[in-house]
Amino acid sequence: AINKEHMNFQAEAKQLLKLMIHSLYSNKEIFLRELISNASDAADKLRFEGLTDGALFENDSDLKIRVSYDKTARTITISDNGIGMSRQEVIDNIGTIAKSGTREFFNSLTGDQAKDAHLIGQFGVGFYSAFIVADKVILVTRRAGLTAEHGVRWESSGEGDYTLETVDKKDRGTEIILHLREGEDELLSGLRLRSIIRRYSDHITLPIIMKKEEWSQESNEYRITDEDETINQASALWARPKSEITQEQYEEFYKHVAHDFEPPLTYVHSRVEGKQEYTLLLYIPSRAPFDLFDRERRQGIKLYVRRVFIMDDAEKLLPNYLRFVRGIIDSNDLPLNVSREILQESKDIDNIRAGSVKKMLGLIEDLASSDKEEDCEKFKTFWKEFGQVLKEGVGEDYANRERIAKLLRFVSTSSETDEQTVSLDNYIARMKEGQDKIYYVTADSLKAARSSPHLEIFRKKGIEVLLLSDRVDEWLVANLTEYNGKQLQSIAKGSLDLGKLEDEAEKKEYEKEADEYKELVTKMKEVLGERIKDVRVTFRLTESPACLVVDAHDMSGNLERLLKSAGQ
Ligand code: ADP
Ligand code: MG
C-alpha cells in the first residue's frame with residue numbers, strides 16, 4: 001500500500017525481545033493471558049471514556065473478547081471491541097517496547113537466567129509476549145470515535161522493525177493475529193486454548209468467547225461450529241465467596257490488575273458493611289517497581305461501582321504512602337457516573353479510604369506479629385521493598401501515626417548486620433533503668449552514623465541508639481517526636497541531658513573540669529568569633545577531642561546537607 005511506513009524499535013528493544021523469548025519460553029502460554037488482559041483493559045478504558053461520551057460505544061455496548069484459531073493458516077486471533085488505538089497511539093504504545101527505565105533495566109540484568117526471567121517479568125513485557133510463540137504478529141485496530149477509514153495495521157516479526165498502514169476497519173477495537181512459530185502447532189487446539197483461558201483468565205469480567213466445537217465421526221476430529229460459547233466465568237472474582245476462589249485465581253487476578261508477572265506477597269479480600277458498603281481486594285506486590293519514587297507513575301487501585309468498572313488509578317482511594325498497593329475497590333453506594341472531580345470532594349470516598357487504610361495496616365501488622373516462619377520472611381521482604389515508603393506515612397497520616405510507627409524497623413547500635421530489624425518496641429524493651437528517651441542519630445550513610453563521635457558516651461554507658469540513614473529519615477523524625485510516651489531524641493542536638501542516666505558524682509566531676517577549662521573556652525570563642533554559636537566543655541566524647549553539635553531547635557547537619565543537595 002502507498003501509505004505503508006517502515007519504522008524501527010528503539011535500540012534496546014531487539015535485545016529485550018530475544019531475552020524475553022528465551023527466558024519465558026518454559027511458560028509460553030502466558031502470551032494469551034497478556035493479550036486477553038490488554039483486551040480487558042481496552043474495554044475498561046472504553047467504559048470510562050464512554051461515561052462522558054456515550055457516542056463512543058457506536059451502538060455496541062456489549063463488550064467482549066473473542067479467541068479463535070485456524071489450523072490451516074496456523075494462526076491464533078484475539079479480538080476485542082474495546083477502545084482501540086489511533087495511529088499515533090499504536091506508535092506510542094506498541095512501537096515502544098519498554099517504556100521508562102529501559103536502560104536501568106538492562107544494567108540490572110545479571111546473566112543468570114532464572115534471576116533475569118524474574119526481572120523481565122517484573123519489567124512487564126505484556127503485548128510483546130506474543131513473540132514467544134509467534135514469528136509474525138499483525139495488529140489491526142481502530143479507535144472508538146474515529147471513522148472506519150482510520151483503521152491501522154501494524155505488522156512485525158519482532159526483529160527490530162515494524163510496518164504501519166492505514167486500513168479500513170468497520171468494527172471498533174483491536175484484532176491481533178499471531179502467526180505461530182515452527183513447532184507451536186499444539187496451540188492450534190480448542191481444548192488447549194480453553195484450558196489456558198480457564199487457568200489464567202477466568203477472573204476477567206468480560207466474556208471470553210470461542211466458537212463451540214463438535215466431535216465429527218466422519219473426519220474423526222473436533223469441528224468448529226458457528227455457535228458462540230463463553231469460556232470464563234465472566235463474573236467479578238472479588239464478588240465470589242472466598243471459599244470458591246483458589247490461590248491461583250487470586251494470583252492470576254493480581255497479575256492482571258498489577259501488570260505484574262510475579263505472584264503477590266500477600267493480599268486482603270474483605271467485604272465491609274455499615275455506613276458504607278464496599279468490597280476490597282488489595283495486594284502487596286513481592287517487589288517494588290522501578291518507579292516507586294517517580295511522581296508520574298501510575299497508581300494501583302481500580303474503582304468499581306456495583307461490579308461496573310469506573311476508573312483506573314483512583315489516587316484518592318489510598319494515601320500516597322500506600323502507593324505500592326494494587327487491587328480493586330468496589331462500592332455499593334457511589335453513583336455510577338462518579339467522576340474524578342466528584343471523588344475529590346466525596347465524604348463516602350473518605351470513609352472508604354479510611355477503612356481501606358485500616359485493612360492494609362492490619363494486613364501488614366498480621367505479618368509483623370506472626371510467629372510463622374513464612375510470615376516473618378514475608379514481613380522482611382515487605383520491609384526491604386516498601387519500608388521507606390511506609391515511613392512517609394508517619395508524617396502523612398496523622399490518625400494512624402502510632403500504628404505505622406509500630407511497624408517501623410531500624411538499624412541500631414545493637415544490630416549485628418545492616419538489616420533494618422529493630423522496632424521501637426524492641427528498643428523500649430531494652431531501655432536502661434532510668435532511661436526515658438529513645439535516642440537516635442541521623443547521617444547520610446549507615447557507615448557515617450556508626451562512626452559518629454556523638455555515640456561515644458552512649459557506647460560507654462551501654463545505651464542503644466537508632467542509626468538513621470535513609471533519605472526519608474529526617475522527615476520521619478521531624479514528624480515522630482514521641483512513641484508510646486517516650487520522646488525521640490537526637491544525640492547530636494543541643495546539650496545532651498542524660499537525666500537519670502548520669503550519676504551525681506560524675507556530674508560534680510564534670511563541673512569541676514569545666515571550671516578548669518574556662519580560660520581555654522573563652523580563648524576559643526574569641527578565635528572562632530562569628531562562625532560559631534558557642535563553645536562548651538563536654539562529657540559526650542570519650543575518644544574524639546571535639547565534635548560539632550547543632551542547637552536543639554536548629555536544622556540537623558544531615559538535613560542541611562540534604563536540602564543543599566536538593567538545591568534549597
Ligand atoms: P501494559 O498492559 O502493562 O500497559 P502492554 O505491553 O501489555 O503493557 O501493552 C502496551 C500498551 O498497548 C497498553 O498500555 C495499551 O495502551 C496498548 N494496547 C495493547 N493491547 C491493546 C488493545 N487490545 N486495545 C487497545 N490498546 C492496547
Ligand atoms: Mg498488558
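## Overall make-up

Helices here are DSSP runs of H or I with at least four residues, and strands are runs of E with at least two, numbered from the N terminus. Counted that way, the chain has 19 helices and 19 strands. Please keep in mind as you read on that this is a predicted model.

Of the chain's 568 residues, 34% count as buried. As for how the chain meets itself, take the contacts between residues at least 6 apart in sequence: 70% of them join residues at least 24 apart.

## Around ligand 1

Let's turn to the ligand. There are 17 residues around ligand 1, and those that come nearest are Asn38, Ala42, Asn93, Gly126 and Phe127. Which helix gives the most to this shell? That is helix H2, spanning residues 30–52, with five residues.

Sorted by class, the shell around ligand 1 is made of eight polar, six nonpolar and three charged residues.

## Where H10 meets H11

Next, a pair of helices. Helix H10 covers residues 347–369 and helix H11 covers residues 373–396; their axes come within 7 Å and cross at roughly 125°. The crossing of the two helices is left-handed.

On the H10 side, the contact is made by Ile364, Leu367 and Ala368, while H11 brings Asp375, Lys378, Phe379 and Phe382. By class, five residues in this contact are nonpolar and two are charged, with no polar ones.

Technical notes. Residues numbered from 1 in each chain as written. Chains lettered and ligands numbered in written order. Predicted model: local features only at pLDDT ≥ 70, side-chain atom pairs only at ≥ 80, totals over all residues. Near = placed C-beta within 6 Å. Nonpolar A, V, L, I, M, F, W, Y, C, P; charged D, E, K, R; others polar. Axes fitted to C-alpha atoms, helices over the stretch in contact; angles between N-to-C directions. Left-handed = near helix turned anticlockwise from the far one by under 90°. Contact = placed C-beta atoms within 7 Å. Buried ≥ 20, exposed ≤ 12 C-beta atoms within 10 Å, placed from the backbone.
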